[in-house]
Amino acid sequence: MTVLPFSHTWPYEVSGKDIYVSACPYCGQEQVLTQIGSRQLERMKEQKKVEWVMPCCHAIFPILEADDDYFWADEPLRK
């Protein structure tokens, strides 16, 4: 995979079986509970692209892959 700039990342946290983002990169909603399950997260870590619909604003978040701390997207998420 091509190396993506850090501006294309968004942090996430795992709490028990739940996966949260501290804020939505699109609308700014805080503490967004994702609908991503542990199996889907493992697929992302294997570099399987997922288009996730943000539950707060329904924006499409194109996740190319995930590591232990960040989702990596094909678009800039930070300004």
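How many disulfides does the count come to by the rule that a disulfide is a pair of cysteine sulfur atoms within 2.5 Å? The count comes to zero disulfides.

The model shown is predicted, so that local features need pLDDT of at least 70 and side-chain atom pairs count only at pLDDT 80 or more, while totals for chains, interfaces and linings use all residues. Residues are numbered from 1 along each chain as its sequence is written, and side-chain values use heavy atoms, with hydrogens and water left out.

**View 1. Cys 27 and Cys 56, neither of which is in a disulfide.** For Cys 27 the nearest cysteine sulfur is that of Cys 56, 3.6 Å away, and for Cys 56 the nearest is that of Cys 27. Cys 27 is partly exposed, with a relative accessibility of 41%, and Cys 56 is likewise partly exposed, at 28% (buried means under 20% relative accessible area, exposed over 50%, partly exposed in between, with a 1.4 Å probe and protein chains only).

**View 2. The open sheet of three strands, in the order S2-S3-S4 with antiparallel pairing.** Strands are DSSP runs of E, at least two residues long, numbered from the N terminus, and two of them pair if DSSP finds at least two bridges between them. Strand S2 (13-15) and strand S4 (30-33) stand at the edges, each with a single partner strand, so one side of each has no neighbour in the sheet. From one strand to the next, the twist averages 35 degrees (axes are lines fitted to C-alpha atoms, and angles between N-to-C directions run from 0 to 180 degrees).

**View 3. The antiparallel pairing of strand S3 (residues 18-23) with S4.** Three bridges join this pair, and Ala 23 has Glu 30 in S4 as its bridge partner.

Methods:
A disulfide is a pair of cysteine sulfur atoms within 2.5 Å. Helices (H or I, at least four residues) and strands (E, at least two) are DSSP runs, numbered from the N terminus.
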